[in-house]
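Some notes on the model follow, point by point. Please read them with the structure open.

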Amino acid sequence: MPAHRQQSCDECHGRRLDSKQGLSMRFWKKIQLSTLAFIFSLLAGVAFAAPEEKISLNFVNADISEVISAVSHITGRNFLVDPRVKGTINIVSAEPVPAPLAYEILLSALRLQGFAAVESAGVTKVMPEANAKLYIPDTTDKGERGDRLVTRVYMLKYESATQLVPVLRPLIAPNNVVTAYPNNNALVVTDYASNLKRIEQIVAKIDQPMLLAPMVIPIQHASAMDLAQIISRLLQEGNPQAAAGDASQRFVLHADARTNSLLLRTDSPDKINRVKDLVEKLDAKTSAPGNIHVVYLKNAEAAQLAKTLRAIMSGDTSTPATAAPAGGGAASTASAMTSAASGGGGMIQADTASNALIITASDPVYNNLRAVIEQLDVRRAQVFVEALIAEVTADKAAEFGIQWQSLNGINQPGANVIGGTNFGVLGAGGGNIISAAGTTTTTNIGTAVGQGLNIGVVKGTTTIPGLGTVLNLSMLARILENDANGNILSTPNLMTLDNEEAKIVIGQNVPFITGSYAQTGGTTTTSPFQTYERKDVGLTLRIKPQVSQGGTVKLQIFQEVSSVQALTVNNAAGPVTNKRSLESSVLADEGQIIVLGGLIQDSVTNGEDKVPLLGDIPLLGNLFRHETRRRTKTNLMVFIRPYVLRTDTAYQGITQDRYEYLRGEQKRIELPSSLIMPNMPAPLLPPLKQPAPTASPQASSAPAAAPQP
């Protein structure tokens, strides 16, 4: 076959295939359009059906928007669909359902896909479940049901709303919320109405009062204080369920000292029976003669408390409650164990070695004493006092003067005239120009003048009998201005117990001459000597705080700041000291700064030395005059700030702050590394918080050594 005929046949065959495919595509499009028209005609017919009529819902992998449109036609509702609502839905109804139920079925299908519907102002908004809670109207009506998002507020009467949140959180959808409002003990829950019915039942069952009210168990013979401690230790310590917070193991037992009875509160009837059984067995008359009891103290001092209790029993109010001797030892123990005062049918002795009281008394007397001991044997508050001493000084001085001198006539024969002006303020040696010249050689001219600018006229040297060759200063002018400022801030800190005096001294121990002995004759062989008395010079702070229940602190304060004047260290009569002291009693609120006192001084002095008549001449009189001016301003204030530390952990914050401050200062002044000099690391405090060492069973029980810097 020729090539051109073969090509034409192929082209014809291709046209026939294209024609068939085109017919097929047009055919299937017509079928799809007819099917969709049929479905929408059905939906249109259903939409206008009466509410009591039933319809069949069958959607397989149908688009969410098409299903919502169909339900809108069926129920007559208006929908607003969020653009993020996408996907397919499968709804199959084996039997026809009422038309209003189609909306409920749609809500359930949307919930399974992570979407929710919110009704507002006649429009149903379909959006992601996570955002739906932001558009829920005030729907606290409990008539809401089904898969509608609603908000409920539960007012609790007995349980804590904050503690109930972790219990309900796993039962609520992750995108919904449960919040506690502690002010009125309320729970605010946003979730589906069907789930909130279950939440409401759970809250009602949990929010119940305790099964049993507090019970009072009277004690006849024993001490309620002792029984409360013994029974609590037996039933609570070592109970893993109680340690884990098991509600059935809640157990509260307190002693009422006034009625000598036990107060018991628990939800377990078994615990009640066990406590009653123990009380019945322990509350019995003892057969031991004398009724001797030993009470170990936790905080109070046995010797001091024994004196107080003896005074109560004997009715003696003149016995002072002095502090127990420090140090303990055999002597103090023997003195405390000696004969004790007796009164009211009992005796009280103190054993300071074990810090315990030995009481011999009848049961009623012992019960009363035990109640008193329980109230007095409490942890005493500590007071941390921070004193602030601020001193700002400014000293300005100015001098100007001219002195004249003529010593030429000393070396001339016969009667000669010498003279000059001496104001007693310039030069070295005697303090003026003549005495300065009398002690100055030609090789040491610098010592003939004072500080500041000195301008003089030298006329050679002059020989003075007995002094030798001296410098002849015929004129000396001196100008001086001095400006000195000081800013000193001292912050001594001190911690002590309530009603206990404490003292801190930071300074030097300086010797002061109090007497001397010298030889008066040649036959005396005793060596001369001097007697000294040493005194503390520096900063001294002594306080005695007293804490009241309202947080106010009464402070008895003595504060002193002293120093030695540098120019008087070598004085024959002893050095001169500057002293600033304050002694007062004040009331201060806890943590507040108050001023104790101080000094604000501003003084101006003016001095003038001049030659009569010549010094009063205008302008020229300055050549025969010396003038000094000085202004001294001192601002000194003393402040104080107390902190009351009532618990064993209250002082940790202050300790941490001061400790870390010192560690920071140590790091700041570390020596930098050098290529030539050897590296010498500075000592550094160890970290304050260190993990406790793990002790093996064979480890020694001796305390570990202090960490080395």
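1. In this predicted model, helix H7 covers residues 224-236, 13 residues in total.

2. Which residues of H7 are buried? They are Ala 224, Met 225, Leu 227, Ala 228, Ile 231, Ser 232 and Leu 235. These residues sit on the same side of H7, because they cover an arc of only 160° around the axis. An α-helix has 3.6 residues a turn, so residues three or four places apart point the same way.

3. Most residues other than glycine have a negative phi. Asn 355 has a positive value, with phi near 50°. Asn 355 belongs to the loop between strand S16 (346-351) and strand S17 (356-361). Its relative accessibility is 21%, so Asn 355 counts as partly exposed; the cut-off for buried is under 20%.

4. Leu 619 also has a positive phi, near 65°. Leu 619 lies in the loop between S27 and S28, and its relative accessibility of 74% makes it exposed.

5. The loop between S27 (594-610) and S28 (625-645) also holds Leu 614, which is partly exposed at a relative accessible area of 36%. Leu 614 is part of a nonpolar surface patch with Trp 404, Ile 617, Leu 620 and Leu 623. Together the residues of this patch have about 400 Å² of accessible area.

How values were computed
Residues are numbered from 1 along each chain as its sequence is written. This is a predicted model: local features need pLDDT of at least 70, side-chain atom pairs count only at pLDDT 80 or more; totals for chains, interfaces and linings use all residues. Side-chain values use heavy atoms; hydrogens and water are left out. Patches are made of residues with over 30% relative accessible area and no salt bridge: like charges are joined within 9 Å, nonpolar side chains (Val, Leu, Ile, Met, Phe, Trp, Tyr) within 5 Å. Accessible areas come from the Shrake-Rupley method with a 1.4 Å probe; for residues, only the protein chains shown count as cover. A salt bridge is a side-chain nitrogen of Lys or Arg within 4 Å of a carboxyl oxygen of Asp or Glu. Helices (H or I, at least four residues) and strands (E, at least two) are DSSP runs, numbered from the N terminus. Buried means under 20% relative accessible area, exposed over 50%, partly exposed in between (1.4 Å probe, protein chains only). The expected span of a helix is 1.5 Å times one less than its number of residues. The arc is that of the directions from the helix axis to the C-beta atoms.
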